[in-house]
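This briefing goes through a single protein chain by topic.

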Amino acid sequence: MTRIGSGGRSLHPDSYGNFVDNLRLYVRGGSGGMGVPRLGGHGGDGGDVWLVSRKGVTLRQIKNRHPDKRFTGGVGADSSVQALKGEKGKDCEVFVPPGISVTTDEGKVIAVLNALGDRVCVAKGGRGGSLHSGFLPSKGQIRQIRLDLKLIADMGLVGFPNAGKSTLLTALSHAQTRIASYPFTTVRPEIGMVMYDDHKQVSVADLPGLIEGAHMNKGLGHKFLKHVERIRQLLIVVDVCGFQLADSTPLRSAFQTLHLLIRELRLYNKELLRKHVVLIINKMDLPDADEKLHEFLHQLENHHDFSHLLPDDATPEHFLKFQHIVPVSASTGVGIPLLKRLLRTSLEEQDAMATENQREDKLQELRRLQSTSLKHG
């Protein structure tokens, strides 16, 4: 069996542009082998092409090692006097990272590989020649497929550029994120593990910063937003002093920044806002931070009185409720211990709620079955 994409050294791209999260492949099943009419011999079937989820593999590795991005199953053996039944062609296995969605060029989902070891056949080999085919073999299936990677983590840091997400992730976990000196600070998606004394771990993903218009694929656009779909909870990070991308763009207050972020998430996929959300107010070490924090919290508590500060398309029908609101300074460590505790608490609250909902569903089902049984008793 041919194995592709396993082993080798890990790659560390220098920029988000080198982080590959989408790849288009040509896959073809192997042709079948010839049959032997005078002996009734059956040719071997062609090999299939399989995608197999494996730890430590990246789409970047596949792209680098196979620049033509073509994968083909082996040809089935011809029937012969020595072997009337030809041997099947070798299958081709392409190792891919977990979290892969496999689609056609038209966007139709073929399979989703989430767990390690998940596998799917993406191109069937041709049938060997036999009596039913006049002993002529068939060609293998040919397909153009797309591999779309979405990160999976317990929590995802969401914020406009320079909100301090990378510094925050470093303060929370053992992740060593690369921080650049320009507004788009995260140079590639990064996942850090928040460790607790009882060995509990919480995974937190730091994703490239959003900009206004990301839902229309401006900036990193969909490269960012698609990863948010696979996050259990959102950690929205806002600079307490607000945000300004450049001198030519308006300065947004923390209140405005928050709702512009929420607008981008809502316009891309409103289901994202059904997730549990923790609001992190960062950079509490800056001058006037306490005054800005007081103003921000007052606006949040009385949001309807301040909705006039928001652009029309950023005014939500329903203001978002946060599981927790935590002021921190990622650079000095103020508030980080409390935040670590609350991250775990928030996940445990979600798990408890899910368990309770499952219990209620089971009770409802038992009551329904009991009622049906009594009616037919």
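pLDDT is the predictor's confidence in each residue, on a scale from 0 to 100. The protein has an average pLDDT of 82, and 82% of the residues score at least 70. This is a predicted model, in which local features need pLDDT of at least 70, side-chain atom pairs count only at pLDDT 80 or more, and totals for chains, interfaces and linings use all residues. Residues are numbered from 1 along each chain as its sequence is written, and side-chain values use heavy atoms, with hydrogens and water left out.

**Overall make-up**

- The secondary structure comprises six helices and 15 strands; helices (H or I, at least four residues) and strands (E, at least two) are DSSP runs, numbered from the N terminus.
- Of the 377 residues in the protein, 47% are buried, where buried means under 20% relative accessible area, exposed over 50%, and partly exposed in between (1.4 Å probe, protein chains only).
- The protein exposes about 19,400 Å², and carbon and sulfur atoms supply 51% of this area; accessible areas come from the Shrake-Rupley method with a 1.4 Å probe, and for residues only the protein chains shown count as cover.
- Among contacts with a separation of 6 or more, 72% are between residues 24 or more positions apart; a contact means heavy atoms within 4.5 Å.

**Confidence along the chain**

- Strand β14 (residues 276–282) is largely enclosed by the rest of the structure, because seven of its seven residues are buried.
- In a regular strand the side chains alternate between the two faces of the sheet.
- From β14, H276, V278, I280 and N282 point one way, while V277, L279 and I281 point the other way, and all are buried.
- β14 pairs with β13 in the parallel sense over seven bridges; two strands pair if DSSP finds at least two bridges between them.
- β14 and β15 also run parallel, joined by four bridges.
- I280 in β14 stands opposite V237, and the bridge partner of I280 in β15 is V326.

**H324 in β15**

- H324 lies in strand β15 (residues 324–327) and counts as buried, at 16% relative accessibility.
- Leaving out residues up to four places away in sequence, H324 touches V277, V278, L279, L342, T345, S346 and E349.
- The C-alpha atoms of H324 and V277 are separated by 7.6 Å, although the two residues are 47 residues apart along the chain.

**Salt bridges**

- Side chains of opposite charge can pair when their charged atoms come close.
- The whole structure has 16 salt bridges, each defined as a side-chain nitrogen of Lys or Arg within 4 Å of a carboxyl oxygen of Asp or Glu.
- K124 and D48 form one of them, at 3.9 Å from N to O.
- K124 lies in the loop between β8 (119–123) and β9 (142–149) and D48 in the loop between β2 and β3, so this pair ties together parts that are 76 residues apart in sequence.
- K124 is partly exposed at 47% relative accessibility, whereas D48 is buried at 8%.
- D48 and K124 are linked with K88 and D91 in a network of salt bridges.
- D351 and R232 meet in a salt bridge at 2.4 Å, N to O.
- That pair links distant parts of the chain, with D351 in helix α6 (residues 336–375) and R232 in strand β13 (residues 231–239), 119 residues apart.
- D351 is partly exposed at 35% relative accessibility, and R232 is partly exposed at 30%.
- E348 and R344 form a salt bridge at 3.0 Å, N to O.
- E348 and R344 are separated by about one helical turn because they are four residues apart in helix α6.
- E348 is partly exposed, with a relative accessible area of 41%.

**Surface patch**

- L39, V81 and L84 make up a nonpolar surface patch with about 250 Å² of accessible area together.
- Patches are made of residues with over 30% relative accessible area and no salt bridge; like charges are joined within 9 Å, and nonpolar side chains (Val, Leu, Ile, Met, Phe, Trp, Tyr) within 5 Å.
- L39 sits in the loop between β2 (22–28) and β3 (49–53) and is partly exposed, with a relative accessible area of 37%.
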